[in-house]
Amino acid sequence: MSNFDYHTAFSRNIGWVTEEEQTRLRRARVAIAGMGGVGGSHLLTLTRLGVGGFSLADFDRFAVENFNRQAGANLDTVDQPKLDSLVAMALSINPELEIMHFPEGVDPLQAESFLQGNDLYLDGLDFFAMPARRAVFAACHRLGIPAVTAAPLGMGSALLNFLPGKMSFEDYFQMEGAGEFQQYLRFLVGLAPARLHAGYLVLPDRIDLVAKKGPSTAMGCEICAGFAATQALKLLLGRGDVLPAPWGLQFDAYRNRLRRTWRPGGNRHPLQRLALWLGERGLAQQRAD
């Protein structure tokens, strides 16, 4: 576009970042898997921050049930590929973006190809996409790429950073050898040890790991984007404290609370093991019903 100028478009970032840092963001490249409620908001937030390159993966299409939370979901995009819609939205903000498309999603056997050339990975995969998630985080660990996961929980978000040389995703969540539903439970319990969201869930039966369904809010997704993009800024610019797992953060706007958690050993921690035991009992009841 003839009327687009990068420096003008992102000039209001200056003050919170320097001109030199803005140039570094322009040269940065971020991989995001999943263009739904979380991943789509990640992409648009980082685009407005001035990040200049992305590797994006998603195979899904928008549906009406996505309207409550997903940035790209509206009447014009129903049954349209999420990846195409979000790329179009990002390019309408910065037409100079360099984007690699992965319209088949992330193949667990080719996770390293998806991550190649990127400075950072942000997790936007569906909660239940565990094989792809495990493969991407494992590849990040092998390649020395920082990886951030921010989960929308109620009207807030829980965040974990997996950094090079620190605790890995697998070591924290202890997925190895666990069955499908146990992996979902371990991911849920490990994400948010503080459980700030649990106190105001008015219909607990709407969380159904067996049916792979759960309630969501737009507030949770947008808070995820702000949480994760701030970690991205610090990691890409090399300034500001970034807490590595087993440290975690959970902010809940409904509860007016922020908690910093520490679970040495991840899901091996005694408190986590107790939470998993209680969760296993609930999961067994769900499956029995």
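In the predicted model, Arg 24 and Glu 20 pair through their side chains in a salt bridge, with an N to O distance of 3.7 Å. Both residues belong to helix 2 (residues 19-27). They are four residues apart, so about one helical turn separates them. Arg 24 is partly exposed because its relative accessibility is 33%, and exposure requires over 50%. Glu 20 is likewise partly exposed, at 46% relative accessibility.

This pair is one of ten salt bridges found in a search of the whole structure. Another joins Asp 123 and Arg 133, whose closest N and O atoms lie 2.8 Å apart. Asp 123 sits in strand 4 (residues 120-123), and Arg 133 sits in helix 6 (residues 130-143). Asp 123 and Arg 133 are both buried.

Helix 6 also contributes Arg 134. Arg 134 forms a salt bridge with Glu 170, and the closest N and O atoms are 2.5 Å apart. Glu 170 lies in helix 7 (residues 169-173). The pair spans 36 residues and links distant parts of the chain. The two partners fall into separate accessibility classes. Arg 134 counts as buried because its relative accessibility is 19%, under the 20% cut-off. Glu 170 is partly exposed, with a relative accessible area of 22%.

Key
Residues are numbered from 1 along each chain as its sequence is written. This is a predicted model: local features need pLDDT of at least 70, side-chain atom pairs count only at pLDDT 80 or more; totals for chains, interfaces and linings use all residues. Side-chain values use heavy atoms; hydrogens and water are left out. A salt bridge is a side-chain nitrogen of Lys or Arg within 4 Å of a carboxyl oxygen of Asp or Glu. Helices (H or I, at least four residues) and strands (E, at least two) are DSSP runs, numbered from the N terminus. Buried means under 20% relative accessible area, exposed over 50%, partly exposed in between (1.4 Å probe, protein chains only).
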